[in-house]
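Hi there,

Here is the structure I promised to pass on to you. Have a look at it first, and then read my notes below.

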Amino acid sequence: MQELKTVCPHDCPDTCSIIAKVEDGKVVSTKGDANHPFTRGALCTKVRHYDERIYSPDRVLYPMKRVGAKGEGVFQRITWDEALHAIVEKLQNTIDTYGGESVHHFKGSGTMGLIQSNIHFPFLHKIGASRARGGLCCPAAGIGWKYTVGENVGNRPESVAHTDLLIVWGMNMASTNMHMLAFYQQAKKNGAKMIVIDPYRHRTAKQADWFIPIRPGTDAALALGMMHVLVEEGMTDNDYIEKYTFGFEELKKELPRYTPEYVEEITGVPADDVRKLARMYGQARAPFIRMGMGLSRNRRGGMIVRTIACLPGLIGAFHKKGGGALMFTTGVFPLRTEAVTRPDLLPKPARVLDKVRLGHSLLEEQEPPVTFLFVTGGNPALSCPDQGAVRKGLARENLFTVVHEQFMTDTAKFADILLPATTSFESYDVYQSFGHTYFQKAEPVIFPIGEAWSNHDFYCALARKMGFADDVFTKPIQELALELLPDTITDAQKEAFLAGEPVELVEIEKFFEGGFPTSSGKLEFYSEQMARDGYPPLPTYSEIEDGEDEGDLHLLTPPAHYTLNTSFGGVQSLREKEGRPTVRIHPEDAKVRGITEDGWVKVYNDRGSIRLWARLVEDAPRGVVAAEGVWWTAHVPDGNPLNLLPSDRLTDMGWGSTLHDNRVRVRKINKEEEVGCREV
Ligand SMILES: Nc1nc2c(c(=O)[nH]1)N[C@H]1C(S)=C(S)[C@@H](COP(=O)(O)OP(=O)(O)OC[C@H]3O[C@@H](n4cnc5c(=O)[nH]c(N)nc54)[C@H](O)[C@@H]3O)O[C@H]1N2
Ligand SMILES: Nc1nc2c(c(=O)[nH]1)N[C@H]1C(S)=C(S)[C@@H](COP(=O)(O)OP(=O)(O)OC[C@H]3O[C@@H](n4cnc5c(=O)[nH]c(N)nc54)[C@H](O)[C@@H]3O)O[C@H]1N2
Ligand code: SF4
Ligand SMILES: [Mo]
């Protein structure tokens, strides 16, 4: 038996260091690595029995070609050689007929490894394929944060151990960032308090000292109301403002209208609570705000994050031990990702398509049309909004789709050629985190299962078969990894990296030495860059006309505790723990719809209709319903995916998804409809 080190590849801020126990070439168990400074030996429930995912009966083990209808999932085994040959032939034909831009790619967040998740880029650049902009997750959050702070860095997550007040703003930390919450537990022992601001009472909210339910999408108004009270009641740190911030006088002129009473009208948070919150924040020694990604998944998302990021600037919290704020840590890594992405291989600027609007790109008239689609590490037939359009697009007979996957996912079933992918336990990569400051390399701990290839294996082989001789396609992956390292790396850091230890290259505190990493060197209440980019230069709450009457309830689509996006749908034990595809609805909202007890209901709007198990609980305030998790269609009662309901509208910044910003109706299902409702 061997104990081998690896890293969790999933799209999670915690990027855990894992120790895999391997016996006779098989992973028999997984545990956390106690030597990792941030994750400290703990793994979440999802990854604690990762062998179940690696050896799942749903794994794709061999290359296959489709012999059934698109979406049906009937395939015939072929060899890798045959698969590559078929892809190259079709690709060349497509490029000759329509040009390189008729080729499109959906890159998901299945692996966060810097090489495996980027290695398709040099290949796509070479053929001049269409490029994707934006993303499902949270591009608006990154952009909004940077307008205020300058870089995607914040206060060290571990430092929350020294806070006296943690505000968890739009994040279900207990499910999605548990290691940072563990640092807060140390502060709690010393009397710290936790406030959660979220539209619904999730796991983390239930642990909070104070849960503040807020109307979705209105957080900028709440933050501005807090600023109003801080200024009015003289709780600001004026020396700090003078030294470290830009544009306070302009901001001050905006604040009078954000009275707690006006803020109550917008947010639903009672005026007295707005005052109480502002006072708790203003009087705390070192308050820390942890913002979640979901906070930005709405039409005001970027501006919300930009506005909340201003709050610590008013009281000097960014420079207090235990205080400040955090959105991402991504900006702390000076790694040379262009060694893998190779923008220099792009012959000319290529057409750009919105990732969030995949259905639109596949269905609506494009010049040239999209006739070839690669999917790597993603499951757009479940994860993208406006599923109706996505699935119709994927079903197009004149679209050739290549899916490289670990599992027989909903998307895989639409593939013309389906290729088996390794898991991170079977492949090499380098990981940086977006929730802590360490990066780490991981060697494979077992041989590939079946005939699985890594993304690197696949795209390099395909490039060579296309006749591309560039060195990125031929050099060993270990060499590529070394090219990611910056010149500034010390010998000791390099040695630790090569030994597979977590390495911190730059201390995050450096970014705040003497100021902020913005162009003015200060935290920007007023942003000239925003004005240049066509946004209001000051923190703002803006009204949005809905314009469409899609439903009378606001739908939230947050993460589930026991799964991660769609990546654990193939693990039965986790699915069983999660229970059923559920929608939480306030008992009063249920009652007026004739629903008096928990049971299957129909949730629908203009885009689609699905079945969910209604749980009548006061976790959801009136007017809001929450459906956690994205279930595979094989595990939902009528086979209809949740993301039929959200629209493909974009965020205010960064072409992100607005998955938390949709309206639906809920109704009881009739007796005859129950027949189609298989028990799951
Ligand atoms: N309703 C609802 N919708 C959501 C969300 C939600 O919470 N609710 N979350 C949204 C968010 S935040 C995100 S980031 C997106 C995520 O959506 P996607 O980016 O589509 O990610 P996943 O659904 O996790 O699918 C990742 C797939 O990649 C495969 N994979 C993993 N590693 C590798 C690899 O190394 N190589 C290859 N070839 N494949 C691999 C996995 O098996 C998995 O099927 O979903 C968004 N959609
Ligand atoms: N267990 C588990 N862990 C995960 C994932 C998972 O699916 N399961 N997904 C991973 C991925 S890809 C990501 S991006 C992260 C996401 O992790 P989180 O940031 O925790 O989750 P989000 O969906 O982004 O939404 C977080 C919270 O934002 C709230 N919210 C929505 N709209 C608003 C609003 O307008 N205002 C406020 N204040 N709150 C709002 C939602 O109700 C939800 O509780 O988690 C990662 N980790
Ligand atoms: S999903 Fe997140 S918490 Fe779980 S093991 Fe991976 S990095 Fe750690
Ligand atoms: Mo995400």
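Strands β1, β2 and β3 make an open sheet of three strands in the order β1-β2-β3, and the pairing is antiparallel. Its edge strands, which each pair on one side only, are β1 (2–7) and β3 (26–32). From one strand to the next the twist averages 30°. Strand β2 (residues 17–23) is joined to β3 by six bridges, and Ala20 stands opposite Thr30 in β3.

A few words on terms and source. Helices (H or I, at least four residues) and strands (E, at least two) are DSSP runs numbered from the N terminus, and two strands pair if DSSP finds at least two bridges between them. Axes are lines fitted to C-alpha atoms, for helices over the stretch in contact, with angles from 0 to 180 degrees between N-to-C directions. This is a predicted model, where local features need pLDDT of at least 70, side-chain atom pairs count only at pLDDT 80 or more, and totals for chains, interfaces and linings use all residues. Residues are numbered from 1 along each chain as its sequence is written, chains are lettered from A and ligands numbered from 1 in the order in which they are written, and side-chain values use heavy atoms, leaving out hydrogens and water.

For residues 1–58, the unreviewed UniProt entry gives the feature "domain: 4Fe-4S Mo/W bis-MGD-type" (positions follow the numbering used here, names are shortened, and annotations may be inferred rather than shown by experiment). That stretch is 14% helix and 34% strand, with its end C-alpha atoms 27 Å apart.

Further along, five strands form an open, parallel sheet in the order β10-β9-β8-β12-β13. Here β10 (210–213) and β13 (324–326) are the edge strands, and the twist averages 15° from one strand to the next. Three bridges link β12 (residues 287–291) with β13, and Ile289 has Ala325 as its bridge partner in β13.

Next, a helix pair: the axes of α5 (residues 139–149) and α14 (residues 301–308) come within 7 Å and cross at roughly 40°.

Finally, the domain assignment (bounds from an automatic or database assignment) gives domain 1 (140–330 + 517–532) and domain 2 (553–674). Their C-alpha centres lie 29 Å apart, and 25 residues of domain 1 are in contact with 24 of domain 2.

Enjoy exploring!

Notes:
Contact = heavy atoms within 4.5 Å.
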